[in-house]
Amino acid sequence: MSKPQVINDEAEVKLARYQVIHDTHYRYSAPVSLAQQLAHLVPRDCAWQVKHQCQLEVSPKPCMRHDGLDVFGNPLTRLVFERPHDTLKVSAQMRLDVLARPAAVLQDSPAWEDACAALSYSGTALPADLLDASRFRFQSPYVQVKHNFAKYSADCFVPRRPLLLAVQALMNKIFTEFTFDAVATQVATPLLQVLQERRGVCQDFAHLMLACLRSQGVAARYVSGYLLTQPPPGQPRLIGADASHAWVSVYCPRQGWVDFDPTNNIRPALEHITLAWGRDFADVSPLHGVILGGGSHDPDVQVTVLPLTEDGAIAQA
Amino acid sequence: MADLLADYSLNDAAYNELLDTDGQVRPHWRRIVEQLQRNTPFQLQLRQDLLARQIQENGITYNVYADPEGADRPWELDLLPNVIAADEWQVIAKGVAQRAELLNQVLADLYGPQTLLADGLLPAELVFGHNNFLWPCQGIEVPGATYLHIYAVDLARAPDGRWWVTADRTQAPSGAGYALENRQIVSRAFPDLYRDMRVQHLAGFFRTLQETIARQAPADGETPLVVVLTAGRLNESYFEHLYLARQLGYPLVEGTDLTVRDATVYLKTLAGLRRVHAILRRLDDDFCDPLELRIDSALGVPGLLDAVRQGRVLVTNALGSGVLESPGFSGFLPAISEKLLGEPLLLPSIASWWCGEPPVLEEALGKLPELLIRPSFPSQSFDPVFARDLDEPQREALEQRLRNRPYAYVAQEVAQLSQAPVWQSDKRCLAPRAIGMRVFAVAGPNGYRVMPGGLTRVAAQADAEVVSMQRGGASKDTWVLGSRSTGSESWQGMRPLGVADLVRSDPYLPSRIVENLFWFGRYSSRCEGNARLLRIMLSRYVDDDDDPRALEAVLSLGERLGLLPDGEGGQTLEQRLEQALLGDEWPVSLRTNLQHLIWTAGSVRGKLSQANWQALLELQIEAQELEVQQTDFGEALDFLNGLVMSLAALSGFALDDMTRDDGWRFLVIGRCIERLQFMSESIASFIRSPMVDDQSALEWLLELGNSSITYRTRYLATAQLIPVLDLLLLDDQNPHAVLFQLRTLLNSQARLVERFDLPASSKLASLERQLSGFSLATLENSLFGPSSVRAVLNGLAQLLESIAQASAEISDQLALRFFVHVDASQRTQSS
């Protein structure tokens, strides 16, 4: 969860090609006798992303492996380990292209009140895309819907403002008022505490923004993925220097889903690689499991995002 | 009659179950009133007392969450049943069955195609906003398309005599077990009436439940094993879980008793894993699987959802069924009934306003003072509130709250409950009280079957309008009159059992229960030793005349055993004794050990007989009295005397009252290990001290070994070393002697070695040979003078210390072999 520098968005570029390596390594202090793991490490198919190759290497060999889709349409790998093991290594390697998306014109979006009203129950039939968006309008394990969040975002949601302009204002507000601090929070840090202390990491900012949006009645989902970062000037790209990233996607009745990255105050384009989306982190955490035994364990997670040239060679920074 | 109804006033605003508007007894109540009239108030009070005693004896309780100790509260049951006439019941039963069918179809739609949402018949807000709508369950196909196996509905009777629905229970409806228990008690209080009035039986309901589970469980050719999954003994209706499990003949298990391997659920027993085919869950669905549902749940079974998905196990009610408990649904049901069933909804719901639609919100706000405001979802931190109870600023705050998030609130008309007669013990007459009725339906092969009866709940106070067991109300049996179906209604033993079915032990005993029985044995024996030692210390301390050296000796024994804090902290002896007895910060105080004992007893309650449990309850009451004891050692001594007796009763139950299965064997081993350790260490410590020949010291040693009387009857003399050691060490007819305990332990161990194919341990056996070969004559041999006697004693002490150590090792070995998977900590991780 680094605070990355973003490469300049060059409008004429239509495609970016990447290799991503995502290694998770658990070293347990006591043997694990039984483990069940769910991995969201295979990127989902979407209109702006083409997957060329993706493999998931798991060690030790699981007793059971099943690849399928979760209820939100994300690729999900189920792993079961029934023999004692004291390490677990899951390594995902993927090559994919990110395509340029047509830029949403923010001021063309409907007033945010109308957008919310379109999603609200009116006793009439609900079209499929609105029903799908409705999944992401409410409280979820890491995202509370509370008056505090509505209050915090009230100055962005002024009457009759176009929805996407209001969302942009909220993204800007969070980016400006919050400090990126990799040690301030853990996964379980309650959002109200994040709001109070005004610091956190990308996951916290995404959850906070979702809480504000949903407290206003907007449908918004959590996107898990990666971000291309630039090494410091004059230094080579380091393997494992990157991290998982998270941002949000907002449903607008006219434009469909539009992404916003509150950690960097930008709208994701060619540098954001999408893995999965859900209501929040709990739905799409890259590797989630229940283990028996294990003692204390902190995972060693290494992510490397390598830009490739069109012929697949590693591009030089 | 005039006497009985002297205090019985008619409330014009409410329907009265007993009297019509003219004050005449309604026809279906006449029989019961005539019968009551034939009794004197005194006789009726006797029956009510009998009821209360039976409840206590059966151990029927209801836990109140608000109580930090999770203490049980006795179930309250009124002497009089509520009586419903046959024709009236037909209407109710038809309505309840239809509603169950409808709600089942709603669940099938929500976890399937969601057309009700797409068609605008249900708001997405109510479903997707509900924390019990479980996304990972969408698309799972359940056997027979049955989501609701048991459904319960809360009904209230309006002043016009019609019954209205106030709430739907779809998650894991509780109360059916209490209804059955109420029936068994009240029918015994009025056996003649019960027979003459042709009250309909409840057994068919439970039989249908068993049959449905057996039919739908994926048995794969095996006899299905069904378990009742409970959240544990702190749950408010744990008694009912226990009771239902016993009545239905299913093992009662907790999440940690189950494991999922290869998408199949297994029960962990001492003899290994046994496949579970169906789970009757009394645990909320979101807690059922920490892998895919609530990741913070420590109560569930990781992987359960996938086992359900693969069709390897039946879960009743289906995971995800809790979503329908939102009060917001009821207003939408009439239209859904027309759509899904093509017929009008028979049972009306109490008027409600789901605030998610702006015009509805405004309407509700317009009549706010008349309404009850409830949260749409259980995750909200908002308790239902009667708006009429609020002052102006509070009402404005509530209005603001509703406007901020309207879809999260439901306004309901306040139900005017009907009134039924209850027996008043203090006035010895009948009085009217508000009642509500919970009615149950179970899925059968041809639709839902409604239990002819139910749980009638009674408001706690005369003027109360809310019925809730949580808030301290009582309950009533519910008598539905009418013609009984012919044939026997006894439902136990659905098929005749033959010789081939004979079972001599419980094959489905979870390892966790066995481990707790083991610790139950250890703690009961530990408390006993502890109490005896403290009694000796206190009595010698209180009784100044005694030999002060005897007191010194017993105190130093207490210190060496680690039961008495040493005086290095500068405390007085009095403070140290008090700490050993009651100390919060002293980890091995008697009070702490008693708490452990009561805790473990609670977790093996299903294995203890009614009488045994009763003895434990009394022990608990005694232990609570100890809390308020001040430093009065005289009272403390009284307490210790009582405690030693109660603990002896416990051990009597263990010997006399339990079948000799694996659980019992571990209990006995636990007791033995503890007693062996305690007596071996005490005697070793004693014979190493210079007090070996001190008469008063020998006296207390006999007392510690509970052998004073035996000694006196045998020797008619004061205590002397050789006979005391014979009695406490070597007499294999004395159950308190070390050798006796050693042999019992060896025997029990041999049984386990045989049964579970364990490597036999020879250490204990060789110690037994050494001890039984020990000759007390060596102590008489004065050939080498006192120093040789000392050497013999030291050798003996060493042997005893080895015995104590070896028994501790056995405890560790058993834990490693049998309980290691019970203890392994389960955790979730995300990265």
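This is a predicted model: local features need pLDDT of at least 70, side-chain atom pairs count only at pLDDT 80 or more; totals for chains, interfaces and linings use all residues.
Chain A is divided into two parts: domain 1, made of residues 15–98 together with 285–308, and domain 2, residues 106–281. Colour the two separately; their C-alpha centres lie 24 Å apart.

Next, display the contact between these two domains of chain A. Domain 1 of chain A contributes 19 residues to the contact, and domain 2 of chain A contributes 17 residues. On the domain 1 side, select the strands β1 (15–39), β5 (85–99) and β13 (300–308) of chain A, each of which supplies at least two residues to the side that touches domain 2.

Remain in chain A and select residues 194–264. An unreviewed UniProt entry annotates this stretch as "domain: Transglutaminase-like".

Now turn to chain B. The domain assignment gives chain B a domain 1 (82–350 + 457–480), a domain 2 (509–658) and a domain 3 (660–818). Select domain 1 and domain 3 of chain B together; their C-alpha centres lie 55 Å apart.

Select residues 81–459 of chain B next. The UniProt annotation for this range, from an unreviewed entry, reads "domain: Circularly permuted ATP-grasp type". Residues 81–459 of chain B are 30% helix and 24% strand, with the end C-alpha atoms 15 Å apart.

The tour then moves to the nonpolar cores. Which residues touch the most other members of the largest nonpolar core? Among its 198 residues, they are A:Met209, A:Val248, A:Val250, B:Val227 and B:Val439. To see the element that gives the most to this core, select helix α3 (residues 86–110) of chain B, which provides ten residues.

Centre the view on B:Val227. Setting aside neighbours within four places in sequence, B:Val227 is in contact with B:Tyr250, B:Pro251 and B:Val253, as well as with B:Leu267, B:Val276 and B:Ile279.

Finally, select B:Leu533, B:Leu555, B:Leu563 and B:Leu608. These residues are among the members of a second, separate core of 89 residues.

Technical notes:
Residues are numbered from 1 along each chain as its sequence is written. Chains are lettered from A and ligands numbered from 1 in the order in which they are written. UniProt positions are given in the numbering used here, feature names are shortened, and annotations may be inferred rather than shown by experiment. Helices (H or I, at least four residues) and strands (E, at least two) are DSSP runs, numbered from the N terminus. A nonpolar core is a set of buried Ala, Val, Leu, Ile, Met, Phe, Trp, Tyr and Cys residues joined through C-beta atoms within 7 Å. A residue is buried if 20 or more other C-beta atoms lie within 10 Å of its own, exposed if 12 or fewer, and partly exposed in between; C-beta atoms are placed from the backbone. Two residues are in contact if their C-beta atoms, placed from the backbone, lie within 7 Å. Domain bounds come from an automatic or database domain assignment.
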